[in-house]
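This report describes selected features of one protein model. Please consult the sequence and the structure shown below while reading.

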Amino acid sequence: MTTHFDALETRSADERAAQQGSALSALLRHAMEYAPGLAAHLGEIDPDAVTDRATLAKLPVLRKSDLGAAQGEHPPFGGFDAGRTHHVFQSPGPIYEPGGTGADWYRMGRFLFAAGLGADDLVQNCFSYHMTPAGMMFESGAAAVGARVFPAGTGQTEMQAQAAAHLGVTAYAGTPDYLKVILDTADAAGLKTQITKAVVGGGALFPSLRQEYADRGIACLQCYATADLGNVAYESPAMEGMIVDEGVIVEIVRPGTGDPVSDGEVGEVVVTTLNRDYPLVRFATGDLSAVMEGASPCGRTNMRIKGWMGRADQTTKIKGMFVRPEQVAALVAKHDGLTKARVIATRAEERDVMTVQVEGEGLDAAAVGASVRDTLKLAGEIEIVAPGTLPNDGKVIDDQRSYD
């Protein structure tokens, strides 16, 4: 029985460094010729001199705001794409991302293989196929391991539960919370499901929820992926941190800088993806993590990170969607009399809950709620508070969820 997706996963550190260094130089040569936006961002560099982490760390960090500005001037991708792609996706901001249909273009197969998915599985893919790339990302991963897919998408929970039972679905792909919703709906309807594997992303997998799935006989593993980068890191059954994908180079840097921190120190995750179609170099995710010492007991030898440890800024993922400070500012600007707003993320019954507290005079909760849905792309509870009530601490997004 094959225990690893490919030989790349068990390379020695020296072998991986040498091969990735060579690939990095080749990627930069390609990008400087075919990705004018990235070339302008990088400035005058010698691609052949960038062969390791030390020389990579001298290049400028690329942020979403840089992409957004470039895309505004040169749509759709700001000149950062360097190859032929097949899809255009949109993320909040808006930021646009290309998508490819080549073999495992998003590199999700490695994660699904580690989670035990294969040709005998039917995957109920509950990630969206609409506008955002998550559905296609997991679709390509399933194809890489030979699994069949029921492209369920989001919503219509009763139909989701019925389909899972009637089709004999064996694996779930989607946000961590939504599987519980489907299972509870199936239980209430007297439906028996056969799901024993779950591959999740797009939100935090809380230990209590993972245990609830385990109690149901479902092994649930999570990945760390983004619309821009594809898969960055993933869990294996060893469940000791997250193993960095072989198609990216991950650095942990001091927030607000591009300076790498010492192993074990918490910093911002910066990723270089070795994707010739969309070669993002030193892309700052805004996420916090830290390098773990040693290698995974599962035998995969690449660097491990501790997983998601918060945000380098106040941007927070709620119900699988990012909420950004600039969106909160846009909400305030929509209403006369609204002077201050604060988004609070909590948990209830193993699901994310968003509460939006607003200060001001003459505010209508229904109107503010409609603006919240329009601006944040999420529904939440609205609390109108008296002027001067919200703390004067500069915080507009308050994540009160526990990750212990």
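The model is a predicted one. Leu-42 belongs to helix H2, which covers residues 36–42.

Which residues does Leu-42 touch, leaving aside those up to four places away in sequence? They are Leu-28, Met-32, Leu-59, Pro-60 and Val-281. Of these, Val-281 lies 239 residues from Leu-42 in sequence, yet the C-alpha atoms of the two are 8.8 Å apart in space.

## The second largest pocket

The second largest pocket holds about 510 Å³ of space. It is lined by 26 residues, and those closest to its centre are Arg-53, Ile-249, Val-250, Asn-302 and Met-303. Two or more lining residues come from each of helix H1 (13–34), helix H3 (53–56), strand S10 (248–253) and strand S13 (291–292).

Helix H1 contributes the most to this lining, with six residues. Sorted by class, the lining of the pocket consists of 14 nonpolar, six polar and six charged residues.

## The crossing of H10 and H11

Helix H10 (residues 325–333) and helix H11 (residues 365–376) have axes that come within 10 Å and cross at roughly 145 degrees. The crossing of these two helices is right-handed.

On the H10 side, the contact is made by Gln-327, Val-328, Ala-330 and Leu-331; on the H11 side, by Val-368, Ser-371, Val-372, Thr-375 and Leu-376. The residues of this contact comprise six nonpolar and three polar ones, with no charged residue.

Definitions and conventions:
Residues are numbered from 1 along each chain as its sequence is written. This is a predicted model: local features need pLDDT of at least 70, side-chain atom pairs count only at pLDDT 80 or more; totals for chains, interfaces and linings use all residues. Side-chain values use heavy atoms; hydrogens and water are left out. Helices (H or I, at least four residues) and strands (E, at least two) are DSSP runs, numbered from the N terminus. Contact means heavy atoms within 4.5 Å. On a 1 Å grid over the protein atoms alone, a cavity is a set of points where a 1.4 Å probe fits but cannot get out, and a pocket is an open set with protein on both sides within 12 Å along at least five of seven lines; lining residues have an atom within 4 Å of a point. Grid points are joined across faces, edges and corners, and a volume is the space filled by probe spheres set on the points. Ala, Val, Leu, Ile, Met, Phe, Trp, Tyr, Cys and Pro count as nonpolar, Asp, Glu, Lys and Arg as charged, and the others, Gly among them, as polar. Axes are lines fitted to C-alpha atoms, for helices over the stretch in contact, and angles run from 0 to 180 degrees between N-to-C directions. A crossing is left-handed if the near helix is turned anticlockwise from the far one by less than a right angle, and right-handed if clockwise.
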